[in-house]
Amino acid sequence: NFYSSAPLSSDALSSGDDYDTSNTYLSKRIYHYLYPPNVPREVQLLRRENIAVPACYLLVGLLQGLSGPFTNVYPLDLNASEAQQTTISSLKSLPSTFKLAFGFLSDNVPLAGYRRKSYMLLGWAIASLSMIILLTFSDLSVEAIELNNEQTMNGDGSSGRYLLRHLQSSTSEFGEQTNIVGAPPSIPFLSFTLLMFGSGFWFADVMGDSLVAEKAKLEPESSRGHLQSTCYACRFFGLMIA
């Protein structure tokens, strides 16, 4: 077990070369490119048991790039004050100050028998849940914001989670129709969901860093540093395409 305190045997770390034509349709050259034989299996990132590590870094980069403009621009559409904009940005990044505490928690309190993987899954689950809540209980469309601003100016107000849009039909047969549009999120609700998102996001990020730090100890001298550089290349690639 990779997370057990007992040292791994020399056989387990001797070689990552397990090429067998009966188990793969890839040529030996391609197979060794994807799974370098000079490093232990535990360090080969494209293995099924290790693929979550580069995937986590790629996802971190993507979400960093995509959430930045949303956090900085969307509150302006909600007519947030400068103080509210600063608060929203601060709340989103606040959980990053607890990265050390997240690490200590996973070191000392295993979850479902694991110290990293289960916490990584929990972090991404929290981040996903926060966005699901935001999308379920509010409408992020520009149409909802414009309608809310219009009704606020006219003193019509809103009806709970929904806004009523009155449409004048082009034919007199139907007369005036009413269309229900979801209401945009309030500043406190948006702040809460972004705080929740940041907590899960940084929790998963810490678990990814912890896994890389542990696996890096298994790298041979000839490829020392390759694991970390590959993971951060995935992260910056995701940030670039976002």
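**Overview**

Colour the protein chain by secondary structure: there are nine helices and two strands. Helices are DSSP runs of H or I with at least four residues, strands are runs of E with at least two, and both are numbered from the N terminus. From the N terminus on, the order is α-α-α-α-α-α-α-β-β-α-α.

This is a predicted model, in which local features need pLDDT of at least 70 and side-chain atom pairs count only at pLDDT 80 or more, while totals for chains, interfaces and linings use all residues. Residues are numbered from 1 along each chain as its sequence is written, and side-chain values use heavy atoms, with hydrogens and water left out.

Now colour by accessibility. Of the 242 residues in the protein chain, 36% are buried. Buried means under 20% relative accessible area, exposed means over 50%, and partly exposed lies in between (1.4 Å probe, protein chains only).

**Stop 1: the core**

Select Val 53, Met 120, Trp 124, Phe 201, Met 207, Val 212 and Cys 231. These have the most contacts inside the largest nonpolar core, which has 23 residues. Such a core is a set of buried Ala, Val, Leu, Ile, Met, Phe, Trp, Tyr and Cys residues joined through side-chain atoms within 4.5 Å. Which helices each supply at least two residues of this core? They are α3, α6, α8 and α9. Helix α8 gives the most, with nine residues. As a general point, nonpolar side chains in soluble globular proteins tend to be buried together.

**Stop 2: aromatic rings**

Show the rings of Phe, Tyr and Trp. They form eight aromatic pairs. Rings (for Trp, the six-membered one) pair if their centres lie within 6.5 Å; planes under 30 degrees apart count as stacked, over 60 as edge-to-face, and the rest as tilted.

Start with Phe 70 and Tyr 74. This pair is stacked, at 5.1 Å centre to centre with 15° between the planes. Both residues lie in helix α3 (residues 52-77), four residues apart, about one turn of the helix. Phe 70 is partly exposed because its relative accessibility is 24%. Tyr 74 has a relative accessible area of 7%, so Tyr 74 is buried.

Next, pick Tyr 119 and Phe 203. Their pair is tilted: 5.5 Å centre to centre, 35° between the planes. Tyr 119 sits in helix α6 (residues 117-136) and Phe 203 in helix α8 (residues 187-216), so the pair ties together parts that are 84 residues apart in sequence. Both Tyr 119 and Phe 203 are buried.

Then select Trp 124, Phe 197, Phe 201 and Trp 202. These four form one aromatic cluster.

**Stop 3: a charge over a ring**

Go to Tyr 35. Arg 47 lies over the face of Tyr 35, at 4.3 Å from the ring centre. The rule asks for NZ of Lys or CZ of Arg within 6 Å of the ring centre and within 35 degrees of the ring normal.

**Stop 4: the largest pocket**

Select Leu 34, Pro 36, Leu 45, His 226 and Thr 230. Of the 16 residues that line the largest pocket, these lie nearest its centre. Two or more lining residues come from each of α2 (28-34) and α9 (226-241). Helix α9 gives the largest share, four residues. The lining divides into 10 nonpolar, five polar and one charged. Here Ala, Val, Leu, Ile, Met, Phe, Trp, Tyr, Cys and Pro count as nonpolar, Asp, Glu, Lys and Arg as charged, and the others, Gly among them, as polar.

**Stop 5**

Move to Asn 79, in the loop between α3 and α4 (82-93). Asn 79 has a positive phi of about 60°, although it is not a glycine. Asn 79 is exposed because its relative accessibility is 55%.

Ala 112 lies in the loop between α5 (99-108) and α6. Its phi is near 55°, a positive value in a residue other than glycine. Ala 112 has a relative accessible area of 68%, so Ala 112 is exposed.

Is Glu 219 buried or exposed? Glu 219 is buried because its relative accessibility is 4%. Find Glu 219 in the loop between α8 and α9. Draw a distance to Gln 44: the C-alpha atoms are separated by 9.8 Å, with the two residues 175 residues apart along the chain.

Finish at Ala 52, in helix α3. Ala 52 and Lys 117 are 8.6 Å apart in space, C-alpha to C-alpha, and 65 residues apart in sequence.

Notes:
1 Å grid on protein atoms, 1.4 Å probe; cavity = no way out; pocket = protein on both sides within 12 Å on 5 of 7 lines; lining within 4 Å.
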